[in-house]
Amino acid sequence: MGPVPNEKRGSLAEQLPPLTDNAAAVESDRCLYCYDAPCTHACPTHIDIPSFIKRIASGNLRGSAQVIYASNLLGATCARVCPVQELCEGACVLGADHKPIAIGRLQRHAMDYARAHHVLPARRGDRTDHRVAVIGAGPAGLSCAGELARYGHTVTIFEKRSMPGGLSTYGIIGLREPMEIALEEARMIAELGVEIQSDRELGKDISMPDLQRDFEAVVLAVGLGRTPQLGIDGEDAIVDGIDFIEASKTGPEQLKIGQNVLVIGAGNTAIDCATIARRLGSGRVTMVYRRTEHEMTCYEHEYRFARDERIEFRFLTQPSRVLLDSERPVGLECLRVELGGPDGSGRPAPTLVTGSEIVLEADQIIKAVGQQKPALVEFLGLRAVSGFIDVDSEFETSIAGVYAIGDCIRSRGAASTVMAVQDGKLAAAAIGRKLMAQPSTTEAR
Ligand SMILES: Cc1cc2nc3c(=O)[nH]c(=O)nc-3n(C[C@H](O)[C@H](O)[C@H](O)COP(=O)(O)OP(=O)(O)OC[C@H]3O[C@@H](n4cnc5c(N)ncnc54)[C@H](O)[C@@H]3O)c2cc1C
Ligand code: SF4
């Protein structure tokens, strides 16, 4: 395995540079401004893409930003983290014969202008006396809170961490989104009139009865939990992948990187962990996955990216035990896997081959095998679907007046930032309609 090229080594800085004004003008001029544009249909928040691109072409960046804000308050984050190849750019009519329009980078250009020139989203209504609490300041919570504030309602977000932004701040690799972008976007939401209270956890610092007394609606936007247990011996010596990414953003200087790293898992998070290890100095990084490359849950372009980073893959391999020397990992014992008929997820079921033990040497092992279901389901006694919070078509849970959005309700399909943002927008509209149909109940307090 060759070394990481020098220009990449040590660098977790944003991967794509911003477009220059000239490059943005040239790129926006290529757009055909399609009628009933497929790119807009492919965007989960349905941003009017030809319209924001046209405004860039005519030099109206302020107007372009407002078009984006009209559908998506977190356009700066989405411009960076959205899998555009699978969404808007994948649907661009120019993709078939030419290069698709660089929609993500153009959106970032407009959003960077909005940030630099303090362009705030337009308001949608006059102030009301209605009060809403949002739990969690990730993309779903910020989007919902910002939209409710635009309708004129009074919104307070309670966030258990010290900084807002959820996974955009703590979990998304710096190559895609630096922390500062997520934090500035949260500041922008606060400027719409949303109060963000940090270090305030539902279930510890605040209770549901308190919230129900002080607010007319409560929105749970709590995301998911930590990486689940693998249930193998020596697991305490394995690093949690989400903690590993967080440390690469909050304190990369203190982050310990092994020379021979194994990453368990094959989704986007696993690829991010492997990339960080590689970029921050590991000599060899191998991803260990119990199925084959055909069943990997990461995007195709992420898999190609990992290969370009010279990350190795070990398929049909299931970890069974961590080998330790003075509590430090020295290897991972694994069993060979054979694939059978489809399991509950529709993918071929892995069967362990007895007696096929092998040992992969490693001085650091990281696990990135998804996230635990939301703990609040049991704590609040909410109705659930496969461990996720169950909601109706208006995002209301089994408790009247309590809503849920984002990853914590995503029981099917892949979760993504833009879907969380869309949930927040739709839930805010549904809650707003309900609030406006009734007099404020907290007014007299
Ligand atoms: C490592 C990783 C990389 C990813 N990369 C991408 C990507 O590149 N592109 C993409 O589109 N998606 C990506 N995703 C998915 C994306 O980050 C999520 O879909 C999105 O963040 C969901 O937003 P959310 O607001 O529902 O949850 P979160 O972002 O998880 O936010 C939930 C918030 O609620 C807070 N909270 C939780 N419990 C409580 C409580 N009891 N009281 C108060 N606050 C609470 C949390 O601290 C957190 O701030 C990635 C996910 C991971 C794990
Ligand atoms: S599909 Fe492509 S060419 Fe058509 S409006 Fe969208 S970005 Fe422009």
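Let's begin at the ligand: the shell around ligand 1 draws at least three residues from each of domain 2 (131-224 + 372-436) and domain 3 (235-367). Keep in mind as you look around that this is a predicted model. The shell holds 37 residues, and those that come nearest to ligand 1 are Gly136, Gly138, Gly166, Gly223 and Gly406. Several helices take part as well: α8 (139-150), α9 (167-170), α12 (241-250), α13 and α16 each give two or more residues to this shell. Sorted by class, the residues around ligand 1 are 17 nonpolar, 13 polar and 7 charged.

Now step back to the whole chain.

Next, have a look at the interior. In soluble globular proteins, nonpolar side chains tend to be buried together. Here the largest nonpolar core has 120 residues, and Val219, Leu220, Val263, Tyr403 and Ile405 touch the most other members. Helix α16 (residues 417-436) supplies the largest share of this core, 7 residues. You have already seen α16 among the elements around ligand 1.

Is Ala270 buried or exposed? Ala270 is buried, because 27 other C-beta atoms lie within 10 Å and 20 or more are enough to count as buried. Not counting residues up to four places away in sequence, Ala270 touches Gly241, Val263, Gly265, Met287 and Ala368. Val263 is also one of the core residues that touch the most other members. The C-alpha atoms of Ala270 and Val369 are separated by 7.4 Å, although the two residues are 99 apart along the chain.

Our last stop is a hairpin. Strands β9 (residues 317-325) and β10 (residues 328-342) run antiparallel and are joined by 8 bridges. Across this pairing, Arg321 stands opposite Glu333 in β10. The hairpin has 2 residues between the strands, and Ser326 takes a positive phi near 50 degrees.

Conventions. Residues are numbered from 1 along each chain as its sequence is written. Chains are lettered from A and ligands numbered from 1 in the order in which they are written. This is a predicted model: local features need pLDDT of at least 70, side-chain atom pairs count only at pLDDT 80 or more; totals for chains, interfaces and linings use all residues. A nonpolar core is a set of buried Ala, Val, Leu, Ile, Met, Phe, Trp, Tyr and Cys residues joined through C-beta atoms within 7 Å. A residue is buried if 20 or more other C-beta atoms lie within 10 Å of its own, exposed if 12 or fewer, and partly exposed in between; C-beta atoms are placed from the backbone. Helices (H or I, at least four residues) and strands (E, at least two) are DSSP runs, numbered from the N terminus. Two residues are in contact if their C-beta atoms, placed from the backbone, lie within 7 Å. A residue is near a molecule or strand if its C-beta atom, placed from the backbone, lies within 6 Å of it. Ala, Val, Leu, Ile, Met, Phe, Trp, Tyr, Cys and Pro count as nonpolar, Asp, Glu, Lys and Arg as charged, and the others, Gly among them, as polar. Domain bounds come from an automatic or database domain assignment. Two strands pair if DSSP finds at least two bridges between them.
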